[in-house]
Amino acid sequence: MIDNDDNSIDVTGESILGFDINTSKKRYKKRVKIGEGGQATVYKVFDTHVNMNKAMKFIHSQFSANKEFVKKYKSEVQITSQLNYQNIVKIYEADIEDDQLFIVMDYIDGTKLSEKKKLPHSIVALIGSRVTDALNYAHNAKISLDEHTHIRGVIHGDIKPDNLMINQDGEVMILDFGLAKAKTFINDKSSGKIFGTFAYAPPEQFDNEKTDERSDIYSLGVTLYRLLTGESGFDHETEISIIKKKMKNYSDIIDKEKIDPEFFKIIAKATAQNREFRYDSALDMKKDLDKFIETRFETRNASPKNLLGAYFNFHVEPQVKKIELPDPIPVNEIKKESEPEDEPVIPPDKPKPAPKKEKSEPQYVPPSSGKFSRYFKYIIILLILGALVFAGLKYGKNIFNRTFKISHHQLSLIS
């Protein structure tokens with residue numbers, strides 16, 4: 001959709017931020033400024049070739065004038081533009097013209113997590129699970145540097161609330177992979193610069209050591225604590241004092257009484273000062289976050305994006321209403337309130353099965369338990385025996401009579 005507000009600006013052929021929009025950028029019509037930082041200014045633009053909104057980041061002139069910076073930035077954009085994942089903002093184009101560097105990416109309509117403070121444990125755990133899912137993909141992605149050269153794995157390098165958004169569909173989106181570095185790249189120690197944000201950067205970056213996927217895990221751990229409590233543990237600190245604190249375990253700096261004990265264990269492991277004691281991979285951290293969700297909270301069989309969309313009041317599927325997830329409530333207590341005792345819980349998308357019809361079969365009726373029924377079989381037996389005796393006697397009498405008559409006749413003949 002094209003914005004038709006009065007403050008929109010079509011910059012085709014005009015000079016913005018000290019550079020000319022020339023032929024190669026005429027396809028992008030500038031609409032409105034949506035953000036500005038120390039490195040760049042971001043605008044929402046309309047891509048006339050595909051008729052959709054995109055975001056265009058213009059790097060400030062003092063950085064664009066640095067050839068080393070431009071070379072590094074373009075190489076990193078070349079790498080990250082190959083990432084295709086639902087939770088990673090897609091990068092389309094990056095180039096430099098008229099001594100100005102620009103980058104074009106997906107426009108995300110939603111809420112930055114830097115604008116939110118003190119979110120429920122359930123929401124933060126869901127966010128963490130989605131971020132670790134995306135990081136696991138990026139850390140293992142196969143990237144082509146040229147036709148014959150391939151590398152595996154890209155790290156973000158600057159995970160923080162300002163680089164995380166919830167879009168209108170309830171999906172967590174990771175922004176600004178422009179600072180990401182391939183794991184096989186060797187960091188330039190000669191520059192003495194620290195990439196990323198001081199409060200969220202892992203200790204190894206301050207020592208100019210090579211970063212890896214565990215560096216992103218550290219930054220995510222600090223981010224999750226910030227989302228839970230509204231503070232990072234390094235607020236209002238100077239750069240020197242932050243560096244000193246980074247030499248300690250993050251769990252020794254933060255207030256563990258402010259968060260759930262099990263969630264504290266996850267953050268403590270993710271942010272260990274020695275990366276050898278952190279999670280080995282984003283997938284390992286995701287497993288613990290998912291376990292925390294399953295054992296502590298009732299998700300009502302809804303998908304994470306529907307739960308997040310409902311919480312942030314964005315678009316969700318019709319059957320999911322806006323909810324306030326508990327923070328925290330044991331599962332056994334939730335089941336007592338939400339599940340009926342006498343009938344099983346049936347998912348809403350499945351019709352309730354009709355009761356089965358039982359076939360009518362003749363039922364056996366046992367005889368009564370009176371005295372007559374108790375001796376009935378004995379009486380029948382006696383009657384049968386009596387009849388047999390009676391028949392035997394009658395038959396024996398006939399035989400006797402016939403024998404007697406024959407004997408009497410014989411006697412008469414003899415005499």
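User: What should I know before I start?

Analyst: It's a predicted model, so local features need pLDDT of at least 70 and side-chain atom pairs count only at pLDDT 80 or more, while totals for chains, interfaces and linings use all residues. Residues are numbered from 1 along each chain as its sequence is written, and side-chain values use heavy atoms, with hydrogens and water left out.

User: Which residues of helix α7 are buried?

Analyst: General idea first: an α-helix has 3.6 residues a turn, so residues three or four places apart point the same way. Here, α7 spans residues 261-270, and its buried residues are F263, F264, I266, I267 and A270. Down the axis of α7 they fall within an arc of 160°, so they line one face of the helix. That arc is taken from the directions from the helix axis to the C-beta atoms. Buried means under 20% relative accessible area, exposed over 50%, partly exposed in between (1.4 Å probe, protein chains only). Helices are DSSP runs of H or I, at least four residues, and strands are E runs of at least two, numbered from the N terminus.

User: What covers the buried residues of α7, and which exposed residues sit on the face turned away?

Analyst: The cover includes α3 (121-139), α5 (213-229) and α8 (282-296). P261 and K265 are the exposed residues on the face turned away.

User: How do β3 and β4 pair?

Analyst: Strands pair if DSSP finds at least two bridges between them. β3 (28-36) and β4 (40-47) run antiparallel over seven bridges, forming a hairpin with three residues between them.

Conventions
Contact = heavy atoms within 4.5 Å.
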